[in-house]
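Here is a short report on a protein model. Please look at the sequence and the fold before reading on.

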Amino acid sequence: MSTLVAFFKEAGELANHGAARALDVHLAAVDRFEKKGAADKVVKHLNGFKQLLNHQRENELISENASNVLQMFADRLIEQLIKKGVSAELRAEETEFHPGDQVHFETVFENNSDDNIHDLDMSLTVPEGWEITAVTSPSAKVVKPGETFTAQFNAIVPKHQELTDSLTIEGEAVYRKFGEEATIPLNIRAKVTSPVRIQEIQSDPVEPGEETTLHVTMQNVAQQSFTGNVTVEAPSDWTVVPTTQSYELDAGTEGTFGFTVVAPEDAVRGAEMHVSATYDNYKADETTTTVHLPGVSWEFDTDGDAQGWQPTNHLTEFTVSDGVLTTQSTGGDPYMVQREPLSMDASHGAVVQLTMKTSVSSGGQIFWGTEASPHFSEDKSTRFNVKGGEFHVYHVPIPPQDSPITNLRIDPLTQEGDITIESIRLLR
């Protein structure tokens, strides 16, 4: 700032030597207290410097440009000093909300400076229609050096809140230090997701001209009960009865709804169904699922019978009992092969439905051979992701083939781990 005063004097933006001298005297005092670390005295003399600038400007002793520049530098230095060692943060237990939820927020103010903070007040601004309540006092008369002050707020998200992946909750912490007021803005990014989700869809294969039941499981993940509709739409030559069902789900509960699906007499492949759900007349969730035609299945329901499957590489001997096949991967390239001859038309494509549990997450791969090309190869394979933990149902597609499928190979993992298979189905 002293350098700027000299520059403006040389540029003729100060009326005389006395005007420059007066500014230099004030800045010398600022420099002296700055070196002593007396921040409060620095702020006091900077405010005196600003008053002098205003006086000189009113009396045409300094140009408007020079006055504005020096005022800006003084303001910046004051702001740095009153914010030094001070921080504030907005926190939330979760950053994913649902309509109807009560959300808990905390504003945390920390004074790591060497001086007292006075008249602290923290506030939040929530979207229109939300209700917000301060659970604890958001204000403090004094926050001493080394102290932390926390204020808690509860907000209620209205049931009609629009779903969004980009929601900003804002607030501010206002306080005084060295007699000056400062504001620290607060914000947190969050998203509002549907309170009701389509959790799972299951159906058994259906013969042409016959019917099966499509089971749709809905889950309410919110803190309030919700009502709505579940709808299943099928291709024009397939029939669904009923097409829509209503539901009412309490907070944190699930419900399963059955739809009768009838395949046409001339069906040659499965059909894709569009499943959608609403809540309180709002769109909740949607997905697609396929009702398949029967093919070949291996259910492992006879103890000791692996039904033609053999551990070919990096797999221990199979154990079949209690309706599951168990084995272990001992390396990075485990795979099993079906040795009994197959012959399934896949001219419209097929899918391998694998119900499996593994001890690790990894990658998996399905290989197939056909009558025209019986050997396994990378171009006749489909990769899929394997999730460790509980049982998962994997649907691995096989594109349309020019000749019938005659053999299968399953690579359940790409690393060591435990493997439990409940069923394998090759469906159309």
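A polar contact here is a pair of N or O atoms within 3.5 Å; within protein, one must be able to donate a hydrogen and the other to accept it. The model discussed below is predicted.

N407 sits in strand β27, which covers residues 405-411. Its relative accessible area is 16%. The cut-off for buried is under 20%, so N407 counts as buried.

Two backbone atoms are within reach of the N407 side chain. One is the backbone nitrogen of G369, at 3.0 Å. The other is the backbone oxygen of P374, which lies 3.2 Å from a polar atom of the N407 side chain.

Where does E371 lie? It is in the loop between β24 (362-370) and β25 (381-386). E371 is exposed, because its relative accessible area of 57% is over the 50% cut-off.

E371 and T406 are 35 residues apart in sequence. In space, their C-alpha atoms are 5.9 Å apart.

## A positive surface patch

Which residues gather in the patch of positive charge? They are R32, K36, K41 and K44, and the patch is on the surface. Helices α2 (17-36) and α3 (39-58) each supply at least two of its residues.

K41 belongs to helix α3. Its relative accessible area is 34%. Partly exposed covers the range between the buried limit of 20% and the exposed limit of 50%, so K41 is partly exposed. Patch residues need over 30% relative accessible area, and K41 has 34%.

Note on methods: Residues numbered from 1 in each chain as written. Predicted model: local features only at pLDDT ≥ 70, side-chain atom pairs only at ≥ 80, totals over all residues. Heavy atoms only, no water. Patch = residues over 30% accessible without salt bridge, like charges linked within 9 Å, V, L, I, M, F, W, Y side chains within 5 Å. Areas by Shrake-Rupley, 256 points an atom, 1.4 Å probe, with all protein chains shown as cover. Salt bridge = Lys/Arg side-chain N within 4 Å of Asp/Glu carboxyl O. Lys, Arg positive; Asp, Glu negative; His and termini not counted. Charge placed at Lys NZ, Arg CZ, Asp CG, Glu CD. Helix = DSSP H or I, 4+ residues; strand = E, 2+ residues; numbered from the N terminus. Buried < 20%, exposed > 50% of the residue type's maximum accessible area, 1.4 Å probe, protein only.
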